[in-house]
Amino acid sequence: MSDHLFYQSRQTRPFIDRAEGIYLWDVDGQRYLDGSSGAMVSNIGHSHPHVLSCMAEQMQKATFAYRLHFQSDIVERFAKRLAQKAPAGLDKVFFVSGGSEAVETAIKLARQATIARGEPDRFKIISRTPSYHGSTLGAVAVTGTPPFADPFAPMMREMPKVRAPLHYLDGLDMDDPTTGAHYVQQMEEKILAEGPESVLAVLVEPIGGASTGALVPPAGYMEGLRALCDKYGLLLIYDEVMTGGGRTGTYFAADHFGATPDMIISAKGLGGGYVPLGAVISRNDLVEDVLDHGGFLHGFTNAAMPLAAAAGMGVLDVVEDEQLCARASRIGGMVYNRLRDLQSQYPFIGDVRGKGLLLAFELMADATTKQVLPKELNAHAKLVNIAYDNGLIIYSRRTRNGAEGDHFMVCPPLISSAAQVDELMGLLEKSLAQFADLYLKEVA
Ligand SMILES: Cc1ncc(COP(=O)(O)O)c(C=O)c1O
């Protein structure tokens with residue numbers, strides 16, 4: 001850590017030199033395989049020449065033109081293409097610079113839309129535990145990870161939460177429709193307990209991100225949430241910050257379900273790590289209502305910056321031209337099967353889950369009882385560090401509400417080849433063997 005720069009902790013890492021494809025090199029020449037696409041960002045890999053040339057071209061024209069002073073052709077075209085990627089009916093786009101800003105944008109838009117419709121008593125957003133929706137205070141209020149929220153509780157209005165559909169912990173079959181119905185019922189009970197007339201929206205990650213470790217909802221759950229929202233007049237908002245951009249095998253995870261949300265929140269893979277970029281894609285009528293009633297009381301200086309749009313457009317070109325959604329499914333299937341193989345080899349891998357290339361495995365002391373590894377072992381940090389030393393980057397979090405439990409995201413760029421999957425899995429297996437040898441003997 002330098003004298004003048006700080007992040008979350010005093011942890012230090014090597015200095016980056018360069019990055020290309022699925023690899024990064026530090027200044028000492030050590031190479032790292034980006035097994036988590038950074039923080040599930042670099043979907044198209046690093047330094048893609050097409051994106052760099054799109055950015056260079058735009059930089060020759062205008063990097064920034066304040067949106068209240070000029071319209072921008074590149075921003076307009078990017079909004080149109082993004083709306084075409086979203087489910088039918090979602091065709092108004094508001095660009096921002098990241099996921100937290102996009103979450104703030106969606107919840108404020110939802111609130112203003114309900115006021116415009118003459119229902120000012122609706123203000124509660126029901127989200128889930130665990131979940132992660134960002135670091136700004138509005139996003140923290142809807143984030144279901146207590147360690148991230150607790151210190152700030154007196155400074156904000158925490159929003160109601162229900163338990164995420166953690167079917168694997170509850171020993172329920174995710175393919176059985178009664179499982180989905182069970183968790184939908186929990187949501188309905190929450191809506192009723194809060195008073196439906198006070199509830200504005202339900203906010204969910206359609207497929208879980210880092211907080212649940214790639215939790216795939218049980219059959220019928222998303223459709224059940226949609227039906228509930230319709231029944232009680234609530235908006236359904238999908239946080240696709242991590243799932244969007246093709247990562248789960250479709251451009252938006254919304255396409256996996258027979259349930260269309262009213263808004264989609266996107267970031268991470270949208271800019272692909274080339275620029276800070278996020279977006280909300282909303283139902284047209286919600287935006288029209290807000291604009292008809294005094295306008296949207298919201299904005300960020302860098303929102304809809306032409307350079308960011310050019311980069312985002314370049315990323316989208318690559319996703320389409322290289323058919324990366326289909327590739328995410330195919331390569332994701334390979335990685336998933338290889339993780340399952342590792343699970344049969346290492347009994348401390350208690351669960352493997354996910355979709356496309358949004359995959360995770362969870363370590364447990366006992367896979368039958370779902371008992372977590374001792375909290376003090378800090379397995380989530382130890383395995384990541386061992387892998388890092390072996391030249392493999394993976395991403396970990398505490399599984400059980402951010403307090404204990406250990407899961408690891410295996411989410412390489414969607415451009416990964418079969419040979420690179422072999423390399424990744426070889427490094428992961430080596431790291432797991434070292435971890436077991438160093439730390440699990442006394443636990444077992
Ligand atoms: C599902 C989800 N929502 C929101 C965010 C916040 O995004 P950002 O870190 O770009 O502000 C994240 C970040 O990890 C996320 O995974």
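This is a predicted model: local features need pLDDT of at least 70, side-chain atom pairs count only at pLDDT 80 or more; totals for chains, interfaces and linings use all residues.
## A buried proline

Pro412 is buried, with a relative accessible area of 1%. Pro412 sits in the loop that links β15 (406-410) to α14 (418-440).

Which residues is Pro412 in contact with, leaving aside its neighbours within four places in sequence? They are Asp34, Gly35, Ser36, Ser37, Arg247, Leu357 and Leu424.

## The largest nonpolar core

Now turn to the largest nonpolar core, which has 104 residues. Leu339, Phe361, Leu363, Leu428 and Phe435 are the members that touch the most others. Helix α11 (residues 306-321) supplies the largest share of this core, with ten residues. Both domain 1 (16-47 + 323-440) and domain 2 (50-321) give residues to this core, so it lies between them.

Leu428 is a handy one to pick out: not counting residues up to four places away in sequence, Leu428 touches Leu339, Leu342, Phe361, Leu392, Ile394 and Val410. There is also a second, separate core of 30 residues, and Leu109, Ala149, Leu203 and Met263 are among them.

## A serine in another loop

Ser211 lies in the loop between β7 (199-204) and α9 (221-232). Is Ser211 buried or exposed? Ser211 is buried, with a relative accessible area of 4%.

The Ser211 side chain reaches the backbone nitrogen of Tyr132 at 3.4 Å. Not counting residues up to four places away in sequence, Ser211 touches several residues, including Pro130, Ser131, Thr145, Glu205, Arg397 and His407.

Terms used. Residues are numbered from 1 along each chain as its sequence is written. Side-chain values use heavy atoms; hydrogens and water are left out. A nonpolar core is a set of buried Ala, Val, Leu, Ile, Met, Phe, Trp, Tyr and Cys residues joined through side-chain atoms within 4.5 Å. Buried means under 20% relative accessible area, exposed over 50%, partly exposed in between (1.4 Å probe, protein chains only). Helices (H or I, at least four residues) and strands (E, at least two) are DSSP runs, numbered from the N terminus. Domain bounds come from an automatic or database domain assignment. Contact means heavy atoms within 4.5 Å. A polar contact is a pair of N or O atoms within 3.5 Å; within protein, one must be able to donate a hydrogen and the other to accept it, and residues adjacent in sequence count only if both atoms are side-chain atoms.
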